[in-house]
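This briefing is meant for a reader who is new to the structure. Please look over the sequence and the model first, then go through the points below.

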Amino acid sequence: MEQKAELDHGIDNLLDLDGEIMEVDDALEYHVEFDVKRVEPTDGRPHGIKYSLTLHDKWGTRLLGFDNAHPVQEDKVGFARHRTLTKFDHKHKFKDVAVIIPYEYETAEKLLTDFWAYVDEAVELDSKRNK
């Protein structure tokens, strides 16, 4: 497990973002927040980081996020029971953060790329709705 984290060179870049808050749009309607810490690799966090990358509106309401704070419950179609996945990586649906979608972590660089793409899509969609 540690070997994979060592090969993920983008982790240092991700760790450098810890504590950063960045405005996303010129109108200052949205901002993103980064909380990233190095942790011992586990089954839930084999890449050796604990992260929360979130988009917020101007009032501070969380609109979406990618994180690995806890195990993910996966719905089984047609069953009332849930299966707990061993990996914690997931994302929260835009404007419905209670909806959790498993996320397949590959590298820190891909995580950032996927996060920013989701943020861009969400802000564009929300901006069109608010016009």
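Leu28 is exposed, because its relative accessible area of 52% is over the 50% cut-off. The model is predicted.

**Residues with positive phi**

- Leu28 is found in the loop between β1 (21-23) and β2.
- Its phi is near 60°, which is a positive value in a residue other than glycine.
- Most residues other than glycine have a negative phi.
- Lys95 likewise has a phi near 60°, again positive and again in a residue other than glycine.
- The loop that holds Lys95 is the one between β7 and β8.
- With a relative accessible area of 46%, Lys95 is partly exposed, whereas Leu28 at 52% is exposed.

**Strand pairing around β7**

- Strand β7 covers residues 90-93 and pairs with β4 in the antiparallel sense, over three bridges.
- Across from Asp67 stands His90, a residue of β7.
- Strand β7 is also joined to strand β8 (residues 96-102) by four bridges, and these two strands run antiparallel.
- Within β8, Ile101 is the residue that stands opposite Lys91.
- Together β7 and β8 form a hairpin with two residues between them, and Lys95 is in the turn.

**The largest nonpolar core**

- The largest nonpolar core has 26 residues.
- Leu14, Tyr51, Leu53 and Leu55 are the residues with the most contacts inside this core.
- At least two residues of the core come from each of α2, β2 (30-38), β3 (49-57), β4 (62-67) and α3 (108-129).
- Helix α3 gives the most to the core, with eight residues.

**Tyr51**

- Tyr51 lies in strand β3.
- Tyr51 counts as buried because its relative accessibility of 2% is under the 20% cut-off.
- Leu14 and Tyr51 are 37 residues apart along the chain, and 8.9 Å separates their C-alpha atoms.
- What does the side chain of Tyr51 make a polar contact with? The partner is the side chain of Asp89, at 2.5 Å.
- Leaving aside neighbours within four places in sequence, the residues in contact with Tyr51 include Asp35, Val36, Phe66, Asp67 and Asn68.
- Also among the contacts of Tyr51 are Asp89, His90, Tyr103, Tyr105 and Leu111.
- Two of these contacts, Asp67 and His90, stand opposite each other, with His90 in β7.

**Asp8**

- Asp8 lies in the loop between α1 (2-7) and α2 (11-16).
- Is Asp8 buried or exposed? Asp8 counts as buried, because its relative accessibility of 10% is under the 20% cut-off.
- The side chain of Asp8 reaches the backbone nitrogen of Ala108 at 3.0 Å.
- Not counting residues up to four places away in sequence, Asp8 touches Tyr105, Glu106, Thr107 and Ala108.

Technical notes: Residues numbered from 1 in each chain as written. Predicted model: local features only at pLDDT ≥ 70, side-chain atom pairs only at ≥ 80, totals over all residues. Heavy atoms only, no water. Buried < 20%, exposed > 50% of the residue type's maximum accessible area, 1.4 Å probe, protein only. Polar contact = N/O pair within 3.5 Å; in protein donor to acceptor, adjacent residues only side chain to side chain. Contact = heavy atoms within 4.5 Å. Core = buried A, V, L, I, M, F, W, Y, C linked by side-chain atoms within 4.5 Å. Pairing = 2+ DSSP bridges.
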